[in-house]
Amino acid sequence: MVNRRGFLKSMVKPLRKSEERKTPLLIRPPYGKSESLFQSECPSCESKACVTSCDEQIIFIDKETKTPTLTFAKNGCTFCDECAIACEKNVLSLENEGGSTYLSAIFKISLQACVAHHGVICNACKEPCIDDAILFNGMFNPIIDNEKCTACGFCISRCPTEAISFNVIKQEEIPLN
């Protein structure tokens with residue numbers, strides 16, 4: 001005889017198994033047209049030319065999806081056009097207006113993790129920001145102006161406390177110039 005807890009657990013397990021596993025959104029290289037193109041064309045690309053063309057070395061191939069994604073651990077994106085020029089499948093294209101100046105993410109600064117929000121003079125995130133998207137209230141309290149931010153990622157690689165994070169958005173939601 002099964003106890004009540006065992007009975008309820010047996011009811012929940014089939015529900016969990018039947019849930020579809022969603023592919024997480026990845027931050028894509030610039031000049032992307034649509035997420036569906038990344039999913040359909042990139043896994044069959046053998047050259048992975050977008051990866052080798054990146055001077056900043058921020059493009060890598062996601063092991064699960066076999067598609068290009070970005071990491072900002074050491075650098076950011078300069079929108080140099082090289083990945084789009086190298087793309088043999090035309091997933092990345094210089095003709096894509098939205099992806100040519102913005103990446104598929106929205107950045108934010110953690111008030112708890114940022115040392116400037118705790119009275120320490122730090123502007124490590126502001127220095128590499130060529131878009132002047134990080135604004136300070138005096139010497140402290142930096143915020144990201146999402147109207148100016150291109151999500152290049154240089155601020156993430158420079159933050160000493162890893163206080164900057166991002167939420168990935170769909171390629172189709174990237175703002176047009």
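Of the 177 residues in the protein chain of this predicted model, buried residues account for 41%. The chain exposes about 11100 Å², and carbon and sulfur atoms supply 53% of that area.

**Overall arrangement**

The secondary structure consists of five helices and six strands. Along the sequence these elements follow the pattern α-α-α-β-β-α-β-β-β-α-β.

**The loop residue R28**

R28 is placed in the loop between α1 (4–18) and α2 (35–41). Is R28 buried or exposed? Its relative accessibility is 0%, and R28 therefore counts as buried, the cut-off being under 20%. The side chain of R28 makes a polar contact of 2.6 Å with the side chain of E35. Beyond its neighbours within four places in sequence, R28 is in contact with E35, F38, Q39, T67, P68, T69, L70, L103, S104 and Q171.

Helix α3 spans residues 49–53, and both S53 and V51 belong to it. D55 lies in the loop between α3 and β1 (59–61).

| Residue | Relative accessibility | Class |
|---|---|---|
| V51 | 25% | partly exposed |
| S53 | 14% | buried |
| D55 | 67% | exposed |

S53 counts as buried because its 14% is under 20%. D55 counts as exposed because its 67% is over 50%. V51, with 25%, falls in between and is therefore partly exposed.

Which residues does S53 touch, apart from its neighbours within four places in sequence? They are E82, C83 and A86. With E82 there is a further detail: a polar atom of the S53 side chain lies 3.5 Å from the backbone oxygen of E82.

V51 has another set of partners. Leaving aside its neighbours within four places, V51 is in contact with I59, F60 and I61. V51 can also be placed relative to P29, which is 22 residues away in sequence, with 9.6 Å between the C-alpha atoms.

The largest cavity holds about 110 Å³ of space. Its lining is made up of 14 residues, and C42, C45, K48, C50 and C87 lie nearest the centre of this cavity. By type, the lining of the largest cavity divides into ten nonpolar residues, one polar residue and three charged residues. Cysteine counts as nonpolar and lysine as charged, so among the residues nearest the centre C42, C45, C50 and C87 are nonpolar, whereas K48 is charged.

Terms used. Residues numbered from 1 in each chain as written. Predicted model: local features only at pLDDT ≥ 70, side-chain atom pairs only at ≥ 80, totals over all residues. Heavy atoms only, no water. Helix = DSSP H or I, 4+ residues; strand = E, 2+ residues; numbered from the N terminus. Buried < 20%, exposed > 50% of the residue type's maximum accessible area, 1.4 Å probe, protein only. Areas by Shrake-Rupley, 256 points an atom, 1.4 Å probe, with all protein chains shown as cover. Polar contact = N/O pair within 3.5 Å; in protein donor to acceptor, adjacent residues only side chain to side chain. Contact = heavy atoms within 4.5 Å. 1 Å grid on protein atoms, 1.4 Å probe; cavity = no way out; pocket = protein on both sides within 12 Å on 5 of 7 lines; lining within 4 Å. Points joined across faces, edges and corners; volume = space filled by probe spheres on them.
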